[in-house]
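Let's take a walk through a protein model together. Keep the picture open beside you and follow along as we go.

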Amino acid sequence: MTIIWIEDRDPLPDPACVPFPASGLGAAGLDLSPARLYEAYRKGLFPWYSPGEPVLWWSPDPRMVLHCHELHIGRSLAKRIRQFDRPPEAGPAVGNAPSLCVTLNRAFPAVIAHCAQRGAARIGLGAARAGRDWPAPGAAQGRDGTWITPDIIAVYTAWHRMGYVHSVETWIGGRLAGGLYGVGLGRCFFGESMFSLAADASKVALAYLVRHLQARGTSWIDCQQETPHLASLGARPAARADFLEMLAAGRDAPAPPWGSGRLRADGRLEAQPAA
């Protein structure tokens with residue numbers, strides 16, 4: 001199939017209306033803006049390209065989806081989740097924040113920057129809490145090493161300021177230990193990337209996000225592409241047609257406004273004043 005070239009004023013092709021290859025690559029162009037991202041996500045498309053390439057737009061078949069009620073939480077992860085939900089304790093902290101906590105939309109620029117540098121070694125939770133040296137950021141690897149370019153960081157940061165992109169952060173002793181970011185439209189959430197500098201830090205962020213999404217009436221997270229890691233957390237492939245039906249049903253559904261503050265393990269958001 002020929003890839004459709006998109007000029008700045010051309011609409012992106014809609015996978016619900018026109019044939020797309022199973023690989024998902026259906027369009028390319030040079031326009032990368034919040035308005036273009038809004039159009040793309042509503043159609044089930046996302047950008048993925050390497051430096052020096054045009055912006056490539058994808059809608060793979062099948063699509064990896066995590067249904068919130070199917071998130072796999074093992075015994076050790078459940079213990080971690082409880083640790084991050086405890087009341088404030090003695091030890092290093094930032095302001096009135098406990099030394100272990102999970103937050104929403106408190107450090108988006110740092111989260112996306114870390115996601116672009118995945119590959120650093122991880123430190124154990126106990127060692128991190130004891131104040132040992134943390135690993136230095138390493139070279140980006142895998143999918144994230146190719147697509148979180150400075151242009152991607154800039155446009156998703158702009159979209160974050162507009163209220164569409166959100167981050168979840170895990171903190172240890174006032175230091176950012178892990179997190180993730182993604183896009184929220186209506187009652188749909190599209191996961192983009194995650195990182196960990198401490199053991200299980202990104203998994204804790206995901207678990208808290210899932211509970212928060214359920215409290216908001218969102219029942220699934222788009223994970224885009226299939227990986228063993230995502231499968232181990234409970235995500236599974238969905239046919240493109242099924243995914244597009246889910247998207248159409250949720251993208252315009254009313255949803256509570258997103259906020260900023262501390263997340264609790266049951267999904268509640270405790271608002272905090274801006275730093």
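This is a predicted model: local features need pLDDT of at least 70, side-chain atom pairs count only at pLDDT 80 or more; totals for chains, interfaces and linings use all residues.

Now look at the neighbours of S8. On one side of the sequence comes S7 (residues 165-172), and S7 pairs with S8 in the antiparallel sense over 8 bridges. If you want a landmark in this pairing, find Glu 169, which sits opposite Gly 179 in S8. The two strands make a hairpin with 2 residues between them, and there Gly 173 has a positive phi near 60 degrees.

S8 also pairs with strand S9 (residues 188-196), again antiparallel and over 8 bridges. Here the landmark is Leu 180, standing opposite Met 194 in S9. This pair is a hairpin too, with 2 residues between the strands, and Gly 186 in the turn takes a positive phi of about 55 degrees.

Next, zoom in on His 166, which belongs to S7. Is His 166 buried or exposed? It counts as buried because its relative accessibility is 4%, and the cut-off for buried is under 20%. Its side chain makes a polar contact of 3.2 Å with the side chain of Asn 105. Leaving aside residues up to four places away in sequence, His 166 also touches several others, including Leu 180, Tyr 181 and Trp 258. You've met Leu 180 already: that's the residue opposite Met 194.

How values were computed. Residues are numbered from 1 along each chain as its sequence is written. Side-chain values use heavy atoms; hydrogens and water are left out. Helices (H or I, at least four residues) and strands (E, at least two) are DSSP runs, numbered from the N terminus. Buried means under 20% relative accessible area, exposed over 50%, partly exposed in between (1.4 Å probe, protein chains only). A polar contact is a pair of N or O atoms within 3.5 Å; within protein, one must be able to donate a hydrogen and the other to accept it, and residues adjacent in sequence count only if both atoms are side-chain atoms. Contact means heavy atoms within 4.5 Å. Two strands pair if DSSP finds at least two bridges between them.
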